Amino acid sequence: MVKILMLGDIVGRPGRNAVTTHLPSIKARLGADIIIANGENASGGMGIKKDAINALKKAGVDCITSGNHIWRYKEIIPQIERGEVLRPHNYSGKTPGSGIALIKEKKSGIKIGVLNLQGRIFMEPTDNPLHSATAAIAELKAEGAKIIVVDFHAEATAEKEAMGWFLQGEVSLVVGTHTHVQTADEKILPKGTGYITDLGRCGAFYSVLGFRPQESINGLLTGMKYSYKVSSDTVHIEGIIADIDNESGRCLSIKRVRISHE
Ligand SMILES: [Fe+2]
Ligand SMILES: [Fe+2]
């Protein structure tokens, strides 16, 4: 059995510091073998820089996934190209990097495939994520992945739920990111795929998606654009921990994680 910890979008310095400081003890306490975290908001609340990638890896994150904000800092394109951070797989063939990774779990030697996809509803145009998933999963299986986990970075709940049903039995986990609010719908679908609509966020709990509420309120009151400021009010680390059977790849258990270090 492999225990996989998946963390929701890490928002700004408060979220990043909480993860880098506490991840080693959380890993030990939960008995996690593999840690996958979404880093698309890790630097300044939008995007991720080189130092944040390196710090998260050093703290024990085995694979960093991302989403629509991954293109904010062009300095990391070499790291994207080297697969040190994943970008959603369903961008055009000309986009640097890829949304798939194969990582080896040390204890069992088992190969775990990670697939990062982006939704198309209420988001910027990308290629079809379902078609992209089918091709990527075939590729990961051909490379020997026994377990495959999917971070579906999407806005619409229905698109995420539909992806879970579309991939059930094909992958071990389908988890949603991007909406930054943890949903209470974790479940194991009938064919053995663990699912949750959104992992939540690693960042301020008393906030709007990890940002100070005032700028959001100002924007809603006036219709003007305000730049969001990262909040540090009551930082939580949120995600899921799942047990996956080595042989069948079936999800045996999926539980929400919400840890406060205040
Ligand atoms: Fe995000
Ligand atoms: Fe996003």
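Which side chains meet in a salt bridge at 2.6 Å, N to O? I looked it up: Arg212 and Glu215. For the count I took a side-chain nitrogen of Lys or Arg within 4 Å of a carboxyl oxygen of Asp or Glu.

**Ground rules**

I am working on a predicted model, where local features need pLDDT of at least 70 and side-chain atom pairs count only at pLDDT 80 or more, while totals for chains, interfaces and linings use all residues. Residues are numbered from 1 along each chain as its sequence is written, chains are lettered from A and ligands numbered from 1 in the order in which they are written, and side-chain values use heavy atoms, with hydrogens and water left out.

**Iron ion, ligand 1**

I listed the protein donors as Asp9 (OD), Glu40 (OE), Asn41 (OD1) and His180 (NE2), at 2.0 to 2.2 Å. Donors here are N, O and S atoms within 2.8 Å of the metal (3.2 Å for Na, K and Ca); water is not among the atoms, so sites may look incomplete. The 4 donor atoms subtend angles of 89 to 168 degrees, so I logged the arrangement as irregular. My cut-offs: four donors are tetrahedral if all angles lie between 85 and 135 degrees; four are square planar and six octahedral if opposite donors are over 155 degrees apart and all others between 65 and 115; anything else is irregular. Glu40 sits in the loop between β3 (34–38) and α2 (50–58) and His180 in the loop between β8 and β9, so this pair ties together parts 140 residues apart in sequence. Helices (H or I, at least four residues) and strands (E, at least two) are DSSP runs, numbered from the N terminus. Both Glu40 and His180 are buried, which I read as under 20% relative accessible area, with exposed over 50% and partly exposed in between (1.4 Å probe, protein chains only).

**Iron ion, ligand 2**

Glu40 (OE), Asn68 (OD1), His153 (NE2) and His178 (ND1) are the protein donors, 2.1 to 2.2 Å from the ion. I get angles of 86 to 144 degrees among the 4 donor atoms, again irregular. The spacing along the chain reads E-x27-N-x84-H-x24-H. How far apart are the two iron ions, and which residue coordinates both? They are 3.4 Å apart, and the residue is Glu40. Asn68 counts as partly exposed at 25% relative accessibility, whereas His178 is buried at 13%.

**Nonpolar core**

Of its 29 residues, Leu5, Leu7, Val19, Ile48 and Ile237 touch the most other members. α1 (12–30) is one of the elements that supply at least two residues, and α1 gives the most, with 4.

**Back to salt bridges**

I count 10 in the structure. Lys146 is partly exposed at 43%, but Glu247 is exposed at 62%. I also noted Lys187 with Glu161 at 3.7 Å. Lys187 is in strand β9 and Glu161 in helix α5 (residues 157–167), so that pair joins parts 26 residues apart in sequence. In my opening pair, Arg212 is partly exposed at 38%, while Glu215 counts as buried at 10%.

Key
A nonpolar core is a set of buried Ala, Val, Leu, Ile, Met, Phe, Trp, Tyr and Cys residues joined through side-chain atoms within 4.5 Å.
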